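Subject: Structure handover and notes

Hello,

Please find the structure below, with the sequence alongside. My notes on it follow.

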Amino acid sequence: MGFRLKVEGAETIELGLDNIQKVVYDTDTPDDSNARSTDVGSTLRIIGKIITATDGDKADDTLKLALWSLVPAEKADCYRKLTLEVIAANQVVREVVFPNAFVVDYKETFGDTEGVGQFELYVKQKRDKTELAKLNGGYPAND
């Protein structure tokens with residue numbers, strides 16, 4: 001199983017099979033409701049490795065994720081189109097598209113024995129645009 005992430009905005013951010021290790025999708029509704037709530041949100045938590053550029057390879061785009069997390073709410077570029085593909089056996093098992101994603105939390109963790117760092121990106125689809133979020137799957141992956 002692998003993952004591909006593409007974030008489109010003022011710049012394009014792409015992370016692939018080597019970076020992303022774990023993804024959690026969540027439909028978020030109030031826990032204290034006694035009926036189906038109209039207050040529905042969608043979130044993604046993406047965890048992976050920061051890969052160091054070696055032997056002339058270009059650096060991965062995790063630095064661009066960190067910089068996106070710093071864009072203030074006053075700037076339109078804080079909202080970007082995010083597409084995440086979950087791939088298994090050359091099939092897209094799930095594709096999650098957030099056309100108005102924004103960063104809730106971003107963390108990078110480094111240690112002196114692990115060799116590479118780890119990142120954790122927590123994003124949400126803008127709540128008043130939740131109906132524009134899409135979940136797709138069941139088609140061949142394009143490599």
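Which backbone oxygen does the side chain of Q125 reach? It is that of K129, at 2.9 Å. Please keep in mind throughout that this is a predicted model.

Q125 first, then. Q125 belongs to strand β7, which covers residues 117-125. Its relative accessibility is 2%, so Q125 counts as buried, the cut-off for buried being under 20%. With neighbours within four places in sequence left aside, Q125 is in contact with S42, with F98, P99, N100, A101 and F102, and with T130, L132 and A133.

Nonpolar core

The largest nonpolar core contains 23 residues, and those with the most contacts inside it are L5, L65, W68, L82 and L84. Elements that give two or more residues to this core are the strands β1 (2-8), β2 (12-15), β4 (41-50), β5 (80-88), β6 (91-109) and β7, along with helix α1 (62-69). Of these, β6 provides the largest share, five residues.

Leaving aside neighbours within four places in sequence, L65 is in contact with L5, I13, L15, Y106, F119 and L121.

V23 sits in strand β3, residues 20-28. V23 and V93 are 70 residues apart in sequence, and their C-alpha atoms are 13 Å apart in space.

Surface patch

L63, L67 and L70 make a nonpolar surface patch of about 340 Å². L63 lies in helix α1. The relative accessibility of L63 is 56%, so L63 counts as exposed; the cut-off for exposed is over 50%.

Salt bridges

How many salt bridges does the structure hold? There are six, and I describe some of them here.

E85 forms a salt bridge with R4, with the closest N and O atoms 2.8 Å apart. This pair links distant parts of the chain, since E85 is in strand β5 and R4 is in strand β1, 81 residues apart. E85 is buried, with a relative accessible area of 14%, whereas R4 counts as partly exposed at 23% relative accessibility.

D77 forms a salt bridge with R80, and here the closest N and O atoms are 2.5 Å apart. D77 is partly exposed, with a relative accessible area of 22%, while R80 is buried at 4%.

The side chains of K64 and D61 also meet in a salt bridge, at 3.7 Å from N to O. K64 has a relative accessible area of 27% and is therefore partly exposed; D61 has 7% and is therefore buried.

A88 is found in strand β5. Is A88 buried or partly exposed? A88 counts as partly exposed, because its relative accessibility is 22% and the buried class ends under 20%. Not counting residues up to four places away in sequence, A88 touches M1 and V93. A88 and T62 are 26 residues apart in sequence and 23 Å apart in space, C-alpha to C-alpha.

A89 is found in the loop between β5 and β6, and N90 has its place in the loop between β5 and β6 as well. Phi of A89 is near 50 degrees, a positive value in a residue other than glycine. Phi of N90 is near 60 degrees, again a positive value in a residue other than glycine. As for accessibility, A89 counts as exposed at 77%, and N90 is partly exposed with a relative accessible area of 42%.

Regards

Definitions and conventions:
Residues are numbered from 1 along each chain as its sequence is written. This is a predicted model: local features need pLDDT of at least 70, side-chain atom pairs count only at pLDDT 80 or more; totals for chains, interfaces and linings use all residues. Side-chain values use heavy atoms; hydrogens and water are left out. Helices (H or I, at least four residues) and strands (E, at least two) are DSSP runs, numbered from the N terminus. Buried means under 20% relative accessible area, exposed over 50%, partly exposed in between (1.4 Å probe, protein chains only). A polar contact is a pair of N or O atoms within 3.5 Å; within protein, one must be able to donate a hydrogen and the other to accept it, and residues adjacent in sequence count only if both atoms are side-chain atoms. Contact means heavy atoms within 4.5 Å. A nonpolar core is a set of buried Ala, Val, Leu, Ile, Met, Phe, Trp, Tyr and Cys residues joined through side-chain atoms within 4.5 Å. Patches are made of residues with over 30% relative accessible area and no salt bridge: like charges are joined within 9 Å, nonpolar side chains (Val, Leu, Ile, Met, Phe, Trp, Tyr) within 5 Å. Accessible areas come from the Shrake-Rupley method with a 1.4 Å probe; for residues, only the protein chains shown count as cover. A salt bridge is a side-chain nitrogen of Lys or Arg within 4 Å of a carboxyl oxygen of Asp or Glu.
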